[in-house]
Every structure is written in structure tokens, then in C-alpha cells.
Amino acid sequence: MTREEIIKAGTKVYSRPRLLLDANMHYCPGCSHGVVHKIVAELLDEMGLDDKAVGVAPVGCAVFAYNYIDIDWIEAAHGRAPAVATAVKRLNPENLVFTYQGDGDLAAIGTAETIHAANRGENITIIFINNAIYGMTGGQMAPTTLEGQKTATTPYGRRVDLNGYPLKISNLLAQLDGTCYVTRQAVHTAAAVRKTKAAIKKAFLNSMEGKGASIVEVVGTCSSGWKLTPEKSNKWMEENMFEHYPLGDLKNN
């Protein structure tokens with residue numbers, strides 16, 4: 001059908017995800033979190049998993065996921081989401097259990113929990129938003145902050161000799177025997193959103209089929225932390241983040 005025929009026929013081509021709660025969006029303009037929330041809400045509804053889903057959100061911007069998606073949620077201590085998700089999934093193997101974490105949470109204070117849950121092959125999905133900065137607490141350097149990137153705690157740029165190298169934690173997780181699927185995606189374009197949705201769907205299916213741990217990293221923006229407009233944030237991400245964190249599957253068993 002042409003656009004004119006669709007309008008004339010009154011055909012519905014898009015609607016608000018049923019599980020997306022009618023809450024005022026608190027994320028900063030241009031933030032990637034809201035897009036990923038919408039994807040998750042759409043998938044849980046389309047896959048008929050809303051009554052079986054349990055989300056685990058820890059500390060950081062990611063913690064507010066429970067304000068937006070109408071499923072059961074557990075708030076975990078900072079970095080401990082994979083440990084909490086492990087317990088939930090083992091006690092309720094019929095449920096879909098996933099974590100929703102930022103890079104400061106997952107790749108800093110939660111490094112041990114993340115690596116060991118993945119290495120054990122826990123049947124959970126880890127959704128990992130990587131914007132290379134601590135967004136909630138003032139824009140400090142994160143483990144994923146790029147070399148030379150300016151933050152509140154690296155005002156002259158991250159130095160390898162002082163701060164070490166940016167941590168490609170998804171690459172590390174892909175080497176573990178317990179992971180079945182590790183991918184890195186983005187949500188800055190319509191095409192990228194479709195790929196991310198397909199990746200999260202695959203991860204959810206893997207979890208329900210007991211294949212092991214699945215990690216979906218989403219390279220995102222932090223307009224406030226980066227001190228850029230939403231438009232310029234996307235451009236900066238494309239020109240800088242993707243070079244160090246290239247998109248695509250890292251492991252697909």
C-alpha cells in the first residue's frame with residue numbers, strides 16, 4: 001500500500017508498546033536509554049514473555065528502567081545485577097531473567113559478578129549500555145572511557161599511562177566458555193534500532209532455551225556527560241566510539 005492508501009484506509013502501522021508505562025521521561029535529550037527501553041517493551045509483548053520476565057536493574061542511570069516497563073523488577077546493589085539474576089533464574093528456570101546495566105556498573109564495580117556469571121553459563125541476558133562515562137554522578141571517567149576523552153575526572157583527557165586502556169569487556173566475555181552470544185550494537189539510526197531489536201530477541205530466546213549467557217552491548221550516547229547536543233553526540237559516537245567499539249557479533253554459537 002502507498003502512504004496515501006494507508007492513510008485513507010486508516011490502517012494502523014505503529015502504536016505505543018503496550019508494556020511501556022505512561023511515565024514522564026527523565027532521561028536527558030538524546031540519551032540512548034529510552035530507545036532501548038522501548039525495544040525491550042516491544043519484544044516482551046511480541047514474544048508473549050511479559051508475565052515471565054524479571055528484570056534486574058542496579059545503580060546508575062539504568063536503575064530507572066523499572067519506571068518505564070510494566071514487568072517484575074528487582075533493584076540490585078551497585079554492580080551485583082548478574083549475581084541477583086543468577087539466583088532468580090536458578091530458582092525460577094521457566095522465567096526470562098535479564099539485567100539492564102551501564103558501563104560504570106557492569107565494567108567497574110560489577111566486573112567480578114559479570115565475568116563469573118557469564119563464565120558459569122548462567123541462562124540470563126545482560127543488556128549493557130556503554131556510553132563511556134558515568135552519566136548519573138557527574139560525568140566521571142568510566143572503564144570504557146576512550147583514550148584522550150575528557151571527563152570530570154580526566155579534564156585533559158584519559159591518559160593510558162595514568163588511567164590504563166579503555167576496557168573492551170564484551171570482547172573479554174566473548175572468550176568465556178559460558179557465553180553463547182555476545183554482540184555489540186547501537187540505536188542511533190532506524191537501521192541500527194532494528195539490528196539491536198533482533199539481537200535482544202536472540203538473546204532472550206537463548207536464555208529461554210538454556211543455551212548459556214547472552215550479552216548485548218549497546219554503544220550509546222551521553223549528551224550531558226559529553227557536553228554535546230544530541231545531534232553532535234551521535235556524530236561524535238560514530239567518529240570515535242565505533243572505532244574502538246566496532247559494531248557486530250563477537251560470538252554467536
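This is a predicted model: local features need pLDDT of at least 70, side-chain atom pairs count only at pLDDT 80 or more; totals for chains, interfaces and linings use all residues.
Reader: How many residues does H2 have, and how far does it reach?

Author: Helix H2 covers residues 33-46, which makes 14 residues. From its first C-alpha to its last it reaches 20 Å, close to the 20 Å expected at 1.5 Å a residue.

Reader: In which sense do S1 and S3 pair, and over how many bridges?

Author: S1 and S3 pair in the parallel sense, over four bridges. Ala53 has Leu96 in S3 as its bridge partner, and Val56 stands opposite Thr99 in S3.

Reader: What about S3 and S4? How many bridges there?

Author: Five bridges join S3 to S4, and these two strands run parallel. Thr99 turns up again here, standing opposite Ile126 in S4.

Reader: Which residues of S3 point which way?

Author: Leu96, Phe98, Tyr100 and Gly102 point one way, while Val97, Thr99 and Gln101 point the other way. All of them are buried. In count terms, S3 is mostly covered, with seven of its seven residues buried.

Reader: Aromatics next. How many aromatic pairs are in the whole structure?

Author: A search of the whole structure gives four aromatic pairs. One of them is Trp73 with Phe98, an edge-to-face pair at 5.6 Å centre to centre and 80 degrees between the planes.

Reader: Why does the pair of Trp73 and Phe98 tie together parts apart in sequence?

Author: Trp73 lies in strand S2 and Phe98 in strand S3, so the pair links parts that are 25 residues apart in sequence.

Reader: Why is Trp73 classed as buried, and what is the value for Phe98?

Author: Trp73 has a relative accessible area of 17%, and it counts as buried because the cut-off is under 20%. Phe98 is buried with a relative accessible area of 0%.

Reader: Which other aromatic pair does Phe98 form with Phe204, edge-to-face or tilted?

Author: Phe98 and Phe204 form a tilted pair, 5.6 Å centre to centre with 45 degrees between the planes. Phe98 is in strand S3 and Phe204 in helix H8, so this pair ties together parts 106 residues apart in sequence. Both Phe98 and Phe204 are buried.

Reader: Which residues form the aromatic cluster?

Author: Trp73, Phe98 and Phe204 form one aromatic cluster.

Reader: Helix packing now. At what angle do the axes of H3 and H5 cross?

Author: The axes of H3 (residues 81-91) and H5 (residues 111-120) cross at roughly 35 degrees and come within 8 Å. On the H3 side the contact has Pro82, Ala83, Thr86 and Arg90, which meet Glu113, Thr114, Ala117 and Arg120 in H5. By class, that contact has three nonpolar, two polar and three charged residues.

Reader: Which residues of H3 are buried?

Author: Ala81, Pro82, Ala85, Thr86, Val88 and Lys89. What covers them includes strands S1, S2, S3 and S4 and helices H5 and H8.

Reader: Last one: where is Ser223, and is it buried or exposed?

Author: Ser223 sits in helix H9 (residues 223-226). Ser223 is buried, with a relative accessible area of 6%.

Reader: And what does Ser223 touch?

Author: Leaving out residues up to four places away in sequence, Ser223 touches Pro29, Gly30, Leu228, Thr229, Pro230 and Ser233.

How values were computed
Residues are numbered from 1 along each chain as its sequence is written. Side-chain values use heavy atoms; hydrogens and water are left out. The expected span of a helix is 1.5 Å times one less than its number of residues. Axes are lines fitted to C-alpha atoms, for helices over the stretch in contact, and angles run from 0 to 180 degrees between N-to-C directions. Contact means heavy atoms within 4.5 Å. Ala, Val, Leu, Ile, Met, Phe, Trp, Tyr, Cys and Pro count as nonpolar, Asp, Glu, Lys and Arg as charged, and the others, Gly among them, as polar. Two strands pair if DSSP finds at least two bridges between them. Rings of Phe, Tyr and Trp (its six-membered ring) pair if their centres lie within 6.5 Å; planes under 30 degrees apart count as stacked, over 60 as edge-to-face and the rest as tilted. Buried means under 20% relative accessible area, exposed over 50%, partly exposed in between (1.4 Å probe, protein chains only).
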